[in-house]
Amino acid sequence: MRRLLLIALALPALILAGCSAQPHPTADHGSSSATPTEPATTTTTTVSQLPRPREVKLDGLDPCTVLSEEQRAQLSLDHAPNAYVDSTFGESKVCSFRSGISGNVMRLALVTVEGVGVWLSENAQVEPEFTTIGGFPAMIIRTPGIEDVCNVEVDVAEGQFLDVMFRDGGNEEKATQDTLCAGAQRAAEAALSGLLEQR
């Protein structure tokens, strides 16, 4: 049950693995099998070649204030935000938002102890799709076998990234993963816009 919960949070053991003495950061999604080393090396090189327009440090920010009320309304996030600190993020600040309209849940995490490259570890067990959000390098993350969640990871600064997760909140008619990924991308664009206004 805990393993499924961590998968739903979409970043299980990310920081714990990143802070260990292992040679490569990991994002273990509950599977003991590893993906081939060759593709991980190739994708890491691809991401490292994408420059950031500038550094946007996340230190000292409140994730619940990154999105304005207007932005939350545009994303149909009509419930009050819920702030917390998650130990699986290395005590990173996290905020969750729920939509009473769509029934979906968005989680925004400001990860300040590990770079976005952790998602490219051979142990991450995800399928990254490279893109840009507001000109910043980003990845759309799908976890094979987990259809009710989608993450977008935005590389905003060295050793820091913006994690946006969209998941089905238990709707009677489940949202497709494509719908969740589209929502995560819209939310990531809004969050980055909010960050740039504060930084």
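Helices (DSSP runs of H or I, at least four residues) and strands (DSSP runs of E, at least two) are numbered from the N terminus. The views below come from a predicted model, in which local features need pLDDT of at least 70 and side-chain atom pairs count only at pLDDT 80 or more, while totals for chains, interfaces and linings use all residues. Residues are numbered from 1 along each chain as its sequence is written, and side-chain values use heavy atoms, with hydrogens and water left out.

**View 1. Confidence along the chain.** The predictor's confidence in each residue, from 0 to 100, is called pLDDT. The protein chain has an average pLDDT of 78, and 75% of its residues reach at least 70. Over residues 1–46 the pLDDT stays under 50, and for this stretch the model has 75 contacts beyond four places in sequence, a contact meaning heavy atoms within 4.5 Å.

View 2. Seven strands form an open sheet with antiparallel pairing, in the order β1-β2-β3-β7-β6-β5-β4, where two strands pair if DSSP finds at least two bridges between them. Strands β1 (82–86) and β4 (127–133) each have a single partner strand and stand at the edges, so one side of each is left without a neighbour in the sheet. On average, neighbouring strands of this sheet are turned by 20° against each other, direction ignored, the axes being lines fitted to C-alpha atoms, for helices over the stretch in contact, and angles running from 0 to 180 degrees between N-to-C directions. Strand β1 runs antiparallel to β2 (residues 92–98) and is joined to it by 5 bridges, with Ser92 in β2 as the bridge partner of Asp86.

**View 3. Strand β7 and its two partners.** Of the 8 residues of β7, 7 are buried, so this strand is largely enclosed by the rest of the structure; buried means under 20% relative accessible area, exposed over 50%, and partly exposed in between (1.4 Å probe, protein chains only). Strand β3 pairs with β7 in the antiparallel sense over 7 bridges, and Met106 stands opposite Phe166 in β7. Strand β6 is also antiparallel to β7, joined by 8 bridges, and Ala157 stands opposite Gln160 in β7. The hairpin of β6 and β7 has 2 residues between the strands, and in this hairpin Gly159 takes a positive phi near 75°.

**View 4. The surroundings of Asp155.** Asp155 is found in strand β6 (residues 149–157) and is buried, with a relative accessible area of 9%. Its side chain makes a polar contact of 3.0 Å with the side chain of Arg52, a polar contact being a pair of N or O atoms within 3.5 Å; within protein, one must be able to donate a hydrogen and the other to accept it, and residues adjacent in sequence count only if both atoms are side-chain atoms. Beyond its neighbours within four places in sequence, Asp155 is in contact with Arg52, Val116, Phe136, Pro137, Gln160 and Phe161.

**View 5. Helix α5 across the strands.** Helix α5 (residues 177–198) lies across β3 (105–111), β4, β5 (136–142), β6 and β7 (160–167), and runs at about 140° to β7. The buried residues of α5, among them Leu180, Ala187 and Leu195, pack against α4 (69–74), β3, β4, β5, β6 and β7. Glu189 has its place in helix α5 and counts as partly exposed, at 43% relative accessibility. The C-alpha atoms of Glu189 and Ile133 are separated by 5.9 Å, although these residues are 56 residues apart along the chain.
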